[in-house]
Amino acid sequence: MKQVIFHLAFPVNDIAQTKDFYANGLGCEVGRESPNSVILNLYGNQIVAHVAKEALEPQKGIYPRHFGLVFTLESDWEALLERAEKNNLKFYQQPKRRFTNSPLEHRTFFLEDPFHNLLEFKYYCHSEAIFGCNEHQKVGDVVAV
C-alpha cells in the first residue's frame, strides 16, 4: 500500500488564533485557507480547522475526545515537547510516563489549543505496543465511571 495521509477536521472559533497555536506554536505548515477554515500540515497529516459559530466548551477530561501523534523516535517527541515549552503552549497534562517497566511503557503529554481541543503526543518505548501487545488490557489512564 502506498503511504496514506491521515485527515482530521476539528472546530475552532478564530482562524488567526488557530494559526498562531498550530503554525507558530506547534510548527504546522499552513495550507489553503478561507475565512471559515484552514488546512494545516501536522507532521505530514492533514488537519483542518473549521470555524464553529457556537462557543466551544472545555471537556471534563481527556476522554472521550482528543487527537495527536505517536512519534517513532524519542528525540522527535522530545523536540516537540521542547518547542511547546519554549512557545508557552498550554499543557493540559504535563509530560509523564505511563505503564512504567511494562511492554506498554510510553511517554506522553497533552496540550490544549485555544478552543479546548486536546492534543496528545506519545512515544512508545517498545514499538510493538503501538498496535500490538494484545495480551495487555491497559489503554490510557484509569477513568472513573
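**Figure 1. Gly 27 follows helix 1 and has a positive phi, near 95°.** This is a predicted model, in which local features need pLDDT of at least 70, side-chain atom pairs count only at pLDDT 80 or more, and totals for chains, interfaces and linings use all residues. Residues are numbered from 1 along each chain as its sequence is written, and side-chain values use heavy atoms, with hydrogens and water left out. Helix 1 covers residues 15–25. Helices (H or I, at least four residues) and strands (E, at least two) are DSSP runs, numbered from the N terminus. At the N-terminal end, Asp 14 caps helix 1. A side-chain oxygen of Asp 14 lies 3.1 Å from the backbone nitrogen of Ala 16. A polar contact is a pair of N or O atoms within 3.5 Å; within protein, one must be able to donate a hydrogen and the other to accept it, and residues adjacent in sequence count only if both atoms are side-chain atoms.

**Figure 2. Helix 1 has buried residues, among them Phe 21 and Tyr 22.** Buried means under 20% relative accessible area, exposed means over 50%, and partly exposed is in between (1.4 Å probe, protein chains only).

**Figure 3. The whole structure holds eight aromatic pairs.** Rings of Phe, Tyr and Trp (its six-membered ring) pair if their centres lie within 6.5 Å; planes under 30 degrees apart count as stacked, over 60 as edge-to-face and the rest as tilted. One of the pairs is Phe 10 with Phe 67. This pair is tilted, at 5.4 Å centre to centre and 40° between the planes. The pair links distant parts of the chain. Phe 10 sits in strand 1 (residues 7–12), Phe 67 in strand 5 (residues 67–71), and 57 residues separate them. Both Phe 10 and Phe 67 are buried. Phe 21 and Tyr 22 form an edge-to-face pair, with 4.8 Å between centres and 70° between planes. Ring pairs also build a cluster from Tyr 43, Phe 71, Trp 77, Phe 91, Phe 109 and Phe 121.

**Figure 4. Arg 98 lies in strand 6 (residues 91–98).** Is Arg 98 buried or exposed? Arg 98 counts as buried because its relative accessible area is 5%. Its side chain joins that of Glu 120 through a polar contact of 3.0 Å.

**Figure 5. Pro 11 belongs to strand 1.** Pro 11 is partly exposed because its relative accessible area is 30%. Which residues does Pro 11 contact, leaving aside its neighbours within four places in sequence? They are His 50, Ala 52, Leu 56, Phe 115 and Asn 117. Contact means heavy atoms within 4.5 Å. The C-alpha atoms of Pro 11 and Ser 37 are separated by 9.2 Å, and the two residues are 26 residues apart along the chain.

**Figure 6. The chain has two helices and eight strands.** From the N terminus on, the elements run β-α-β-β-β-β-α-β-β-β. Buried residues make up 41% of the 145 residues. The C-alpha trace spans about 45 × 40 × 35 Å along its principal axes.
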